[in-house]
Amino acid sequence: MVIAIYCRKSVYRDTSDSIKNQLDMCKDFIKCCYGEEHTILVYDQDEGISGATTDRPCFQKMMSDIENDIIDMVVCYMIDRISRNIKDFCNIYFMLQEHNCRFVSVKENIDDTTAMGRAMLYICQVFANLERDNIRERIIDNMNHIEQAGYWPSGLPPLGYKIAKIIEHGKKHTILEIDEETSGIYFHLVDLFLSQRKTLFACERELRSEGVHTRKGAVIDSSRIWKILSNPVYMCADETAYHYFKSAGCNMGHDISLFDGHHSIMVRGRFKKEGTKMVLKDKKEWKVYVGMHEPLISSSDWIKMQDLFKGNVFSKKKKTDKFGICSGVIRCKCGYSMRSKHDKRCSGYTTYTCTRKENKSRGTCDSKTVRCEVVDNAVIDMLRQISTDRSTLAKFVKKDTPKPVYNTKSLKRRLLAIDKQIQKFTLSLLDAEGTAAKKYIIQEIDKLDSEKTDINTKLAESSIIDLQTVKEDKHIDELYESIHSLLKEFDTLDTLSKNNMIKSIVKEVVVDGENITLKL
């Protein structure tokens, strides 16, 4: 039987069970209840990752092995090591059942082979989920208290400020304090955008020419400039600010009497995560407080800047017919992504440009811009070649790292020979009792047992390799069908639909001058 041990710990604490302790308890449990004649696979590289998410590399590797029917049983120290979310755990457990994989929790003494064990499994998960919800509520309540008092809740300070510590009522708190070194950058940006009426891209060029960077040495590009100038944290908290946010439908965390003109604004809930991107929420979801820090800009000037954003090119939506269909999967030879850009100066052509060249200092990448239609047509030609000649597909598929190949028949024969040798040595121990030979016999048994464990591991790896080969063959069949379907209706699709279909098939398009490499 192949048994998986999964260990995880969200954060390091002296009082909590370390991953090593969890692993030792699981191994002792397996030895006591199921004996030693099993292959044990250990998944213990997710330290520091919360159980609130299943997006854990080592956990995903274990789930992949379960889907490939490599694992017969999963053993963990506690249920919440697997997941703290009821819905996630149920989905995980249903998947285990589909692949006839048993589940055992050591501390809760739960084995899902019995009806009572399955019932207790769900009950324990309910309490684990309750504990998670209670922790989350305590964190939210604490954050509300911190922001209600005007303290800085957490994270890096915005440009122009630095972190300062104060003690109130015997407790240490964090506030923002004006940073003399970087606040000048903010004032300069306000002057460029508000007084000189430069666009965000013009502001970026100005800062580049002046060699201005963030504390960590990053270039302040147009996207970062927009985030800085649209952040209310710099704004004076006065009556004008109160009425501005109130009329916008924001949730006001403080009464108008606290908007005294001596402090600045703090807003919670401005952004939300959608996929890998942070998206600005509707103002009705914002919660506005008065912070303890001093403002860097008047409320009237800050509001004027927000009005200017409405007419700025940066805030306009991209037209879907003005970008390349390989957007999102195209990369430069230097490894950075490329973005499509519509340039009216070049006869209206849309080009792919290296983001490293755009967002970093000049000279970091010597690649040239390339017309989108050149790359897009080359990619479509490659896909058409695959569609007409299936044998060419293999050279475009990104191969996994070569894995070791073992002679399984030879390994199994050696395994049988080891078992016989161990049995022979075990019987000879009775005759060697009380003699010096006993010590050497035990050493030989230990060596054979170690070799046996190594062979079982190699056999498990071979099984995984065989199943992955079958899976890759199936993937190639599905990939060919997807390419065939794409090309069949390609000419009838709009640009956005073409882009979505390309992203669903193509892993990467690498551009190196005139050389275009396709990876599926």
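The legends below describe several views of one predicted model.

Local features here need pLDDT of at least 70 and side-chain atom pairs count only at pLDDT 80 or more, while totals for chains, interfaces and linings use all residues. Residues are numbered from 1 along each chain as its sequence is written, and side-chain values use heavy atoms, with hydrogens and water left out.

**View 1. The whole chain.**
The chain contains 14 helices and 18 strands. Both are DSSP runs numbered from the N terminus: helices are H or I with at least four residues, and strands are E with at least two. Of its 520 residues, 40% count as buried. Buried means under 20% relative accessible area, exposed means over 50%, and partly exposed lies in between (1.4 Å probe, protein chains only). The accessible surface of the chain is about 29,900 Å², and 51% of that surface belongs to carbon and sulfur atoms. Accessible areas come from the Shrake-Rupley method with a 1.4 Å probe; for residues, only the protein chains shown count as cover. Among contacts in the chain with a separation of 6 or more, 63% are between residues 24 or more positions apart. Contact means heavy atoms within 4.5 Å.

**View 2. An open sheet of 5 strands.**
The strand order is E2-E1-E3-E4-E5, and the pairing is mixed. Two strands pair if DSSP finds at least two bridges between them. Strand E2 (39–43) and strand E5 (110–111) are at the edges; each has a single partner strand, so one side of each has no neighbour in the sheet. Strand E1 (residues 2–6) runs parallel to E2 and is joined to E2 by 5 bridges. Valine 2 has threonine 39 in E2 as its bridge partner.

**View 3. Strands E3, E4 and E5.**
Strand E3 (residues 73–76) and strand E4 (residues 102–105) run parallel, with 4 bridges between them. Cysteine 76 is opposite serine 105 in E4. E4 and E5 run antiparallel and are joined by 2 bridges. These two strands form a hairpin with 4 residues between them, and asparagine 109 in the turn has a positive phi of about 55°.

**View 4. Valine 104 in strand E4.**
Valine 104 stands opposite aspartate 111 in E5. With a relative accessible area of 1%, valine 104 is buried. Which residues is valine 104 in contact with, leaving aside its neighbours within four places in sequence? They are Phe29, Tyr34, Met73, Val74, Val75, Cys76, Ile110 and Asp111. Valine 74 is 30 residues from valine 104 in sequence, and the C-alpha to C-alpha distance between the two is 6.2 Å.

Aspartate 69 lies in the loop between helix H2 (57–67) and E3. Aspartate 69 has a positive phi of about 60° although it is not a glycine. Asparagine 100 sits in the loop between helix H3 (86–98) and E4. Asparagine 100 also is not a glycine, and its phi is positive at about 50°. Its relative accessibility is 65%, so asparagine 100 counts as exposed. Threonine 113 is in the loop between E5 and helix H4 (115–148), and is partly exposed at a relative accessible area of 45%. Threonine 113 and arginine 102 are 11 residues apart along the chain, and their C-alpha atoms are separated by 7.1 Å.

**View 5. The contact of helices H8 and H9.**
The axes of helix H8 (residues 239–247) and helix H9 (residues 299–309) come within 8 Å and cross at roughly 35°. Axes are lines fitted to C-alpha atoms, for helices over the stretch in contact, and angles run from 0 to 180 degrees between N-to-C directions. H8 contributes Thr240, Ala241, Tyr244 and Phe245 to the contact, and H9 contributes Ser299, Trp302, Ile303 and Gln306.

**View 6. The buried residues of helix H14.**
In helix H14 (residues 495–505), the buried residues are Lys498, Asn499, Ile502 and Ile505. They cover an arc of only 130° around the axis, and therefore lie on the same side of H14. The arc is that of the directions from the helix axis to the C-beta atoms. Lysine 498 counts as buried at 18% relative accessibility. Leaving aside neighbours within four places in sequence, lysine 498 is in contact with Ile325, Phe490 and Leu493.
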